[in-house]
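Please read the following briefing beside the sequence and the model.

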Amino acid sequence: ARVAAAGASVMDAVTALDEGKDVAASASSPARGAGEQQIAAAAARLALSSLPPPPKSSYEFESAWKQLGGDTTAQAAYLEALDAKQLPKVFKASLEQKLLRSVLQVTAAELAPAA
């Protein structure tokens, strides 16, 4: 029964990630048992650890963006993980229109506050 409950907790965490919810915050919910909290927190860490490393060039950014394959939730998490102060160094003067459009679409869909 514990294994089934643990599996359900992982699936809850994955579903929450897919929906763009803060899994780390929901993992510490008092309604969850200690084991479920640990599993949900581990699922959140796993999701973040599966993101590509921060880019050092626009080529690396574009490669990572493509690697995330149109998964807007993962792309939004990747954007949030980047240090905004480093972006001018990463892109310098080169940012293709198609890539910029994609980044702006993800930002609007996943990161912009709801109206």
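A residue is called buried under 20% relative accessible area, exposed over 50%, and partly exposed in between, with a 1.4 Å probe and protein chains only. By that scale L95, with a relative accessible area of 38%, is partly exposed. This is a predicted model, in which local features need pLDDT of at least 70 and side-chain atom pairs count only at pLDDT 80 or more, while totals for chains, interfaces and linings use all residues. Residues are numbered from 1 along each chain as its sequence is written, and side-chain values use heavy atoms, with hydrogens and water left out.

**Overall fold**
- The protein contains seven helices and zero strands, where helices (H or I, at least four residues) and strands (E, at least two) are DSSP runs numbered from the N terminus.
- Along the sequence the pattern therefore reads α-α-α-α-α-α-α.
- Of the 115 residues of the protein, 25% count as buried.

**The loop between α6 and α7**
- L95 sits in the loop between α6 (87-91) and α7 (97-111), and together with L100 and L104 it makes a nonpolar surface patch of about 250 Å².
- Such patches are made of residues with over 30% relative accessible area and no salt bridge, like charges being joined within 9 Å and nonpolar side chains (Val, Leu, Ile, Met, Phe, Trp, Tyr) within 5 Å; accessible areas come from the Shrake-Rupley method with a 1.4 Å probe, and for residues only the protein chains shown count as cover.
- K92 lies in the loop between α6 and α7, where it has a positive phi of about 45° although it is not a glycine; K92 is exposed, at a relative accessible area of 73%.
- A93 is also placed in the loop between α6 and α7 and is exposed, with a relative accessible area of 84%.

**The second largest pocket**
- The second largest pocket has a volume of about 150 Å³, and its lining is formed by E62, W65, K66, G70, Q75, E96, K98, L99 and S102.
- Helices α4 (58-67) and α7 each supply at least two residues of this lining.
- By class, the lining residues divide into two nonpolar, three polar and four charged; Ala, Val, Leu, Ile, Met, Phe, Trp, Tyr, Cys and Pro count as nonpolar, Asp, Glu, Lys and Arg as charged, and the others, Gly among them, as polar.

**The salt bridge**
- A search of the whole structure finds one salt bridge, a term for a side-chain nitrogen of Lys or Arg within 4 Å of a carboxyl oxygen of Asp or Glu.
- E62 forms a salt bridge with K66, the closest N and O atoms being 3.4 Å apart.
- Both E62 and K66 belong to helix α4, where they are four residues apart, about one turn of the helix.
- K66 counts as exposed, at 60% relative accessibility.

**Contacts across the chain**
- S57, in the loop between α3 (34-49) and α4, is partly exposed with a relative accessible area of 25%; its C-alpha atom is separated by 6.2 Å from that of F91, although S57 and F91 are 34 residues apart along the chain.
- L87 lies in helix α6 and counts as partly exposed at 29% relative accessibility, and the C-alpha atoms of L87 and S58, 29 residues apart along the chain, are separated by 9.0 Å.
- A93 and S58 are 35 residues apart in sequence and 9.4 Å apart in space, C-alpha to C-alpha.

Note on methods. 1 Å grid on protein atoms, 1.4 Å probe; cavity = no way out; pocket = protein on both sides within 12 Å on 5 of 7 lines; lining within 4 Å. Points joined across faces, edges and corners; volume = space filled by probe spheres on them.
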